[in-house]
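The sequence and structure are shown first.

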Amino acid sequence: MNETAIDYTAVFQALPAMVALLTPELVYADANAEFLRVSGRTREQTVGRHLFEVFPGNPDDRASSGMRNLEASLHRVLATGERDAMALQRYDVESTERPGEWDERYWSPVNAPVYGPDGSVVLLVHRVEDITELIRARGGRGTGGDGERAGNRGHVLEAELYTRARELQELNERLRLAHAREREVALALQEAMLPAGRQVGHHRAAVRYRPAVGALNVCGDWYDLVDLVGGNRIGVSVGDVVGHGLDAAGVMGQLRSALSATSRVAGGPAEALNVLGRYAHVVDGAESATAVTTFIDFDHHTITYSSAGHPPPVLVHADGRVEFLDRATDPPLDARPTPVRRPQARTTYDSGATLALYTDGLVERRREDIDTGLSRLADALARHREADPESLADAVLLELLPPGGATDDTALVIVRL
């Protein structure tokens with residue numbers, strides 16, 4: 001079936017589970033038929049109204065923890081952008097026909113984020129499993145015989161359910177703490193290994209770094225901008241290590257540091273990549289790593305470049321003409337067991353041109369030819385070429401990255417020439 005032919009509104013309404021959509025202000029944006037049926041609310045009583053207006057907390061303190069826990073979970077999803085599975089909650093529901101009367105209910109909610117184009121959480125998916133009937137199994141007790149056995153089974157079921165719920169809640173809390181510690185390490189690693197400065201000398205440049213959705217804010221993509229010895233020159237590079245997370249970031253740090261040091265003393269970008277390729281052979285995890293480096297000479301208005309299996313940089317001339325720097329492309333860094341001198345090419349530009357280096361996460365999409373992504377990038381760069389580098393980088397990411405974030409890491413460097 002063609003994906004565009006799917007009626008997702010009908011799918012949402014047909015879901016067999018209770019599912020609702022909440023805004024960041026906790027107002028119901030939508031609710032499916034099963035949610036309305038089980039909760040005993042109509043669409044008019046729900047959509048457009050605040051969560052706790054539709055389902056206020058029971059004034060009985062013994063039954064009010066469900067409301068507090070649900071509110072905490074939803075705010076946690078908004079703050080972290082991460083899915084939150086709650087343990088079993090007692091959440092009494094006020095009767096719509098008899099105000100002031102409350103039905104004892106037991107719900108097991110899961111809350112998840114929906115991302116907007118800018119990567120922020122724009123909606124919350126609130127899915128609920130109603131297990132009230134399981135808890136009410138204890139109501140089958142009698143004075144003996146089958147009734148008594150049914151009551152005993154109900155007690156056992158309830159005790160088991162509460163035990164599993166407590167274990168789940170404790171496990172979730174441990175996982176959250178472990179993830180928070182790992183994320184702190186990841187952020188410190190990223191800050192240490194990627195240059196924070198967006199200016200090299202007096203030249204204007206913008207850098208962007210977007211890990212794949214679900215990553216720890218670190219990835220195998222990297223960029224580097226360095227002042228070169230002799231003349232008014234800088235080196236600009238990007239690279240890509242296979243994988244995500246801390247392992248890929250560790251390899252990325254080694255390769256970036258090696259190329260940064262080599263570029264300062266190399267006679268050109270090809271020589272720098274030659275040395276980096278030999279180093280990659282002894283770095284575990286550097287298999288299939290790619291990189292491209294450019295040496296920009298502002299006095300002579302030239303760009304010398306070389307690529308090791310990486311997508312070509314894009315040079316947007318001041319008149320809007322787009323040039324892909326693809327005349328010096330070679331296999332990835334560790335592709336050859338015996339080092340072979342890499343190719344190198346040179347091009348010229350006029351003042352006001354723009355150079356963009358990037359990783360494949362910006363242009364590659366599943367079931368799409370990469371030339372389509374390259375054309376999309378060239379078009380965005382040309383249309384926004386008069387914007388300052390910071391605004392240009394933001395515009396490119398907004399147009400090229402899918403809503404909610406990409407499934408691959410992305411690095412982007414924009415230099416105004």
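Which residue in strand 7 is the bridge partner of Arg90? The bridge partner of Arg90 in strand 7 is Tyr106. The model examined here is predicted.

**Strand 7 and its pairings**

Strand 7 spans residues 106-115. Of its 10 residues, 7 are buried, so strand 7 is largely enclosed by the rest of the structure.

| Strand paired with strand 7 | Residues | Sense | Bridges |
|---|---|---|---|
| Strand 3 | residues 84-85 | antiparallel | 2 bridges |
| Strand 4 | residues 89-90 | antiparallel | 2 bridges |
| Strand 8 | residues 121-130 | antiparallel | 9 bridges |

Individual residue pairs can be assigned to these pairings. Ala85 has Val110 in strand 7 as its bridge partner. For Pro109, the bridge partner in strand 8 is Val128. Strand 7 and strand 8 also form a hairpin, with 5 residues between them. In the turn of this hairpin, Gly119 has a positive phi of about 90 degrees.

**Thr23**

Thr23 lies in the loop that connects strand 1 (18-22) and strand 2 (28-31). Is Thr23 buried or exposed? The relative accessible area of Thr23 is 18%; because buried means under 20% relative accessible area, Thr23 is classed as buried. When its neighbours within four places in sequence are left aside, Thr23 is in contact with Ala29, Val122, Leu123 and Leu124. Strand 8, which comprises residues 121-130, pairs with strand 7 in the antiparallel sense.

Conventions:
Residues numbered from 1 in each chain as written. Predicted model: local features only at pLDDT ≥ 70, side-chain atom pairs only at ≥ 80, totals over all residues. Heavy atoms only, no water. Buried < 20%, exposed > 50% of the residue type's maximum accessible area, 1.4 Å probe, protein only. Helix = DSSP H or I, 4+ residues; strand = E, 2+ residues; numbered from the N terminus. Pairing = 2+ DSSP bridges. Contact = heavy atoms within 4.5 Å.
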